[in-house]
Amino acid sequence: MSGLDVRMFTVGPVQENCFVVRRPDAASAVIVDPGDEADRLLEAIEGLQIETVEAILLTHTHFDHVGAVAPVARATGAPVYCPQLEERVLQNIMDFVPWPGFGPFESYDPDHLLAGGEALNLAGIEFEVLFTPGHSPGHLTYAAGGALFSGDVLFQGSVGRVDLPGGDWPTLLSSIETLVERFGADTTVYPGHMGITTLGQERATNPFLRELASNR
Ligand SMILES: [Fe+2]
């Protein structure tokens, strides 16, 4: 158990998971990956009686994870933390949408850039920032309270795709390996798509992790 109050909102046409994270009953919170449906997210924040959004944390800048950053940041005043290697993507979201028919999404100038290795104290929660490239070149995972907000690195029964620009399979596998070695089996994984899982469950059942196990 994470000891955190984590609310998941699955948003947009690509069904991306946005998370609102806070200490139980706290009036301040952090939002991870507001990908779409800004109005719905803002209403939810109000409904949860969250007065301050202390940060918007981005795992990576694919459009389905950042489509609502600008309106949510504007409405809440929250600073946006972006992977350093992907700043240009957030600043030009529509130039990087790989398929027609999505958007339009408003670009944004991030307030803070992260490379991995940082420790952030936001809304009374310690977040450790981990560099986990492979799905995208600057991808970050945020560890807090025995949980991982891991974007598109690892899914329930699957892993992130590597066929988009900057994707790389060996790099993704090595990022997953870092997470599996570093964090215990009972670590909750809040992924960018599909259901919530644990590292132990994925180690035991995820076919993509067999490649890791066979390399040991
Ligand atoms: Fe992605």
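## A proline in a loop

P104 sits in the loop between α4 and β6; helices (H or I, at least four residues) and strands (E, at least two) are DSSP runs, numbered from the N terminus. The peptide bond leading from G103 to P104 is cis, and its omega is near 5 degrees.

## Basis of the values

The model is predicted: local features need pLDDT of at least 70, side-chain atom pairs count only at pLDDT 80 or more, and totals for chains, interfaces and linings use all residues. Residues are numbered from 1 along each chain as its sequence is written, and side-chain values use heavy atoms, with hydrogens and water left out.

## Iron site

The iron ion has H60 (NE2), H62 (ND1), H135 (NE2) and D152 (OD) as its protein donors, at 2.2 to 2.4 Å. Donors are N, O and S atoms within 2.8 Å of the metal (3.2 Å for Na, K and Ca), and sites may look incomplete because water is not among the atoms. Along the sequence, the donor residues follow the spacing H-x1-H-x72-H-x16-D.

The angles among the four donor atoms run from 83 to 172 degrees, and the site is irregular. Ideal angles at a metal are 109.5 degrees for four tetrahedral donors.

H60 is buried, its relative accessible area being 0%, and H62 counts as buried at 16%. Buried stands for under 20% relative accessible area, exposed for over 50%, and partly exposed for values in between (1.4 Å probe, protein chains only).

## Aromatic pairs

Eight aromatic pairs are found in the whole structure. In F63 and F102 the ring centres are 4.8 Å apart and the planes meet at 40 degrees, so this pair is tilted. F63 belongs to helix α2 (residues 63–66) and F102 to the loop between α4 (87–91) and β6 (112–114), so the pair links distant parts of the chain, 39 residues apart. Rings of Phe, Tyr and Trp (its six-membered ring) pair if their centres lie within 6.5 Å; planes under 30 degrees apart are stacked, over 60 edge-to-face, and the rest tilted. F63 is buried at 6% relative accessibility, whereas F102 is partly exposed at 24%.

W169 and F208 make an edge-to-face pair, with 6.3 Å centre to centre and 70 degrees between the planes. Since W169 is in helix α5 (residues 169–182) and F208 in the loop between α6 (199–205) and α7 (210–215), the pair ties together parts 39 residues apart in sequence. W169 is partly exposed at 27% relative accessibility, and F208 is partly exposed at 36%. Ring pairs also link F63, W99, F102 and F105 into a cluster.

The largest pocket holds about 270 Å³ of space. It has 15 lining residues, and H62, V89, F96, P137 and P165 are the closest to its centre. Its lining consists of nine nonpolar, four polar and two charged residues. A pocket is an open set of points on a 1 Å grid over the protein atoms alone, where a 1.4 Å probe fits, with protein on both sides within 12 Å along at least five of seven lines; lining residues have an atom within 4 Å of a point. Volume is the space filled by probe spheres set on the points, which are joined across faces, edges and corners.

The second largest pocket holds about 220 Å³. It is also lined by 15 residues, and D64, H135, D152, R161 and H193 lie nearest its centre.

## Backbone and separations

D25 has a positive phi, near 70 degrees, and is not a glycine. D25 lies in the loop between β2 and β3 (28–32) and is exposed at 74% relative accessibility. Q49, likewise not a glycine, has a positive phi of about 60 degrees. Q49 is in the loop between α1 (38–47) and β4 (52–57), exposed with a relative accessible area of 63%.

F19 is part of strand β2 (residues 16–22) and is buried at 1%. From F19 to H60 there are 41 residues in sequence and 14 Å in space, C-alpha to C-alpha. P79 is in the loop between α3 (69–76) and β5 (80–83), partly exposed at 22%. P79 and L114 are separated by 35 residues in sequence and 13 Å in space, C-alpha to C-alpha.

How values were computed: Four donors count as tetrahedral if all angles lie between 85 and 135 degrees; four count as square planar and six as octahedral if opposite donors are over 155 degrees apart and all others between 65 and 115; anything else is irregular. Ala, Val, Leu, Ile, Met, Phe, Trp, Tyr, Cys and Pro count as nonpolar, Asp, Glu, Lys and Arg as charged, and the others, Gly among them, as polar.
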